[in-house]
Amino acid sequence: MTQLQINEVAPRDGFQIEATFVPTADKIRLIDALSATGLARIEVTSFVSPKAIPNLRDAAEVVSGIQRRDDVGITVLVPNVKGLERALECRVDEVNLVMSASDSHGLANLRMTPEQSLEQFAAIVEALRGDPRGRNVFVNASLSTSFGCPFEGEVPEARVLELVERQLALGVQGVTLCDTTGMANPAQVARLCEAAQARFPGIPFTLHFHNTRGMGLANALAAWQAGIVRFDASLGGLGGCPYAPGATGNVCTEDLVHMFEQMGVSTGVDLDALLAASAMLPALVGHDTPGQVVKAGKADRRYAMPAR
């Protein structure tokens, strides 16, 4: 059975939306702890304008300050060529480009239609391939609202597959299908995963779920049953989309790992070490986190019989 690859996104997707700035040293300490757990990749920050996302204004300091391990890929989000240049200076392993499958969400979130985003992608890929520092950098594209748009509703499967095809034609090497606002259901997930893999065999697809409506783990299970082995997840369940009122965060990393390990599916992750890292979060962000296993303990936890 193929081992899963878990991509941790809390340092980027989680911290960017928090009410308070997590100090740089604390970010580095958490990322170093996460690197020791067996995660395949960690999305450590975003090289966006500090004015746009002040919480990630220390992107270069974070990437330069963390301990690097050969078996853990360091991923960053880059929104444009300027962000790419900053990322390459820090010797990242992977860049993640983001666009939306729907016009409305793209305009609300990125101020760009999908067509404009693809033009931006082309410029980034061209700049990357023309820079000697980008020779071994993997290019991934995250397609937001792949399972539905909070403004338009359904996003047709054909539209999602068309955009994936156009991303790949530009030189993108991997694609993340994102349930940005937690609209997906397991049957829908299975259909899209099967269709994407059938149309683009050999392309590494990653699934990115939010737990907005409590279906994150169910959707992850459906994706795995459809052949997906790469998943984004966020420590403690941090994260969320500002365009989904009432939204909770991403699917929780430790809960996802716990589910698969209990099923006998290897994730390569040391769950005890991951839970220890998750226990650090409330002090860093100033509030409780949605993760369940860090509170209840693993399913094999045993208790003393109550006194009679």
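Visitor: How do you know whether Thr 145 is buried or exposed?
Guide: Check its relative accessible area, which is 0%. Buried means under 20%, exposed over 50% and partly exposed in between, using a 1.4 Å probe and protein chains only. With 0%, Thr 145 therefore counts as buried. By the way, this is a predicted model, where local features need pLDDT of at least 70, side-chain atom pairs count only at pLDDT 80 or more, and totals for chains, interfaces and linings use all residues. Residues are numbered from 1 along each chain as its sequence is written, and side-chain values use heavy atoms, leaving out hydrogens and water.

Visitor: Where does Thr 145 lie?
Guide: In the loop between strand 5 and helix 7. Helices (H or I, at least four residues) and strands (E, at least two) are DSSP runs, numbered from the N terminus. Thr 145 also has a positive phi of about 55 degrees, although it is not a glycine.

Visitor: And Arg 111, is that one buried or exposed?
Guide: Exposed: its relative accessible area is 75%, so it passes the cut-off for that word. Arg 111 has a positive phi too, about 60 degrees, without being a glycine. You'll find Arg 111 in the loop between helix 5 (103-109) and helix 6 (114-129).

Visitor: What makes strand 6 "mostly covered"?
Guide: Six of its six residues, 174-179, are buried. Gly 174, Thr 176 and Cys 178 point one way, while Val 175, Leu 177 and Asp 179 point the other.

Visitor: How do you know which strands pair with strand 6?
Guide: Two strands pair if DSSP finds at least two bridges between them. Strand 5 (residues 138-144) pairs with strand 6 over four bridges, in the parallel sense, and Leu 143 stands opposite Leu 177. Five bridges join strand 6 to strand 7 (residues 205-209), also parallel; there, Thr 176 has Thr 206 as its bridge partner.

Visitor: What makes two rings an aromatic pair?
Guide: Rings of Phe, Tyr and Trp (its six-membered ring) pair if their centres lie within 6.5 Å; planes under 30 degrees apart count as stacked, over 60 as edge-to-face and the rest as tilted. The whole structure has four aromatic pairs. One of them is Phe 147 with Phe 209, at 6.1 Å centre to centre and 40 degrees between the planes, so "tilted" is the word. Phe 147 is in the loop between strand 5 and helix 7, Phe 209 is in strand 7, and they are 62 residues apart. Both are buried. Phe 200 and Phe 205 are tilted as well, at 6.4 Å and 45 degrees.
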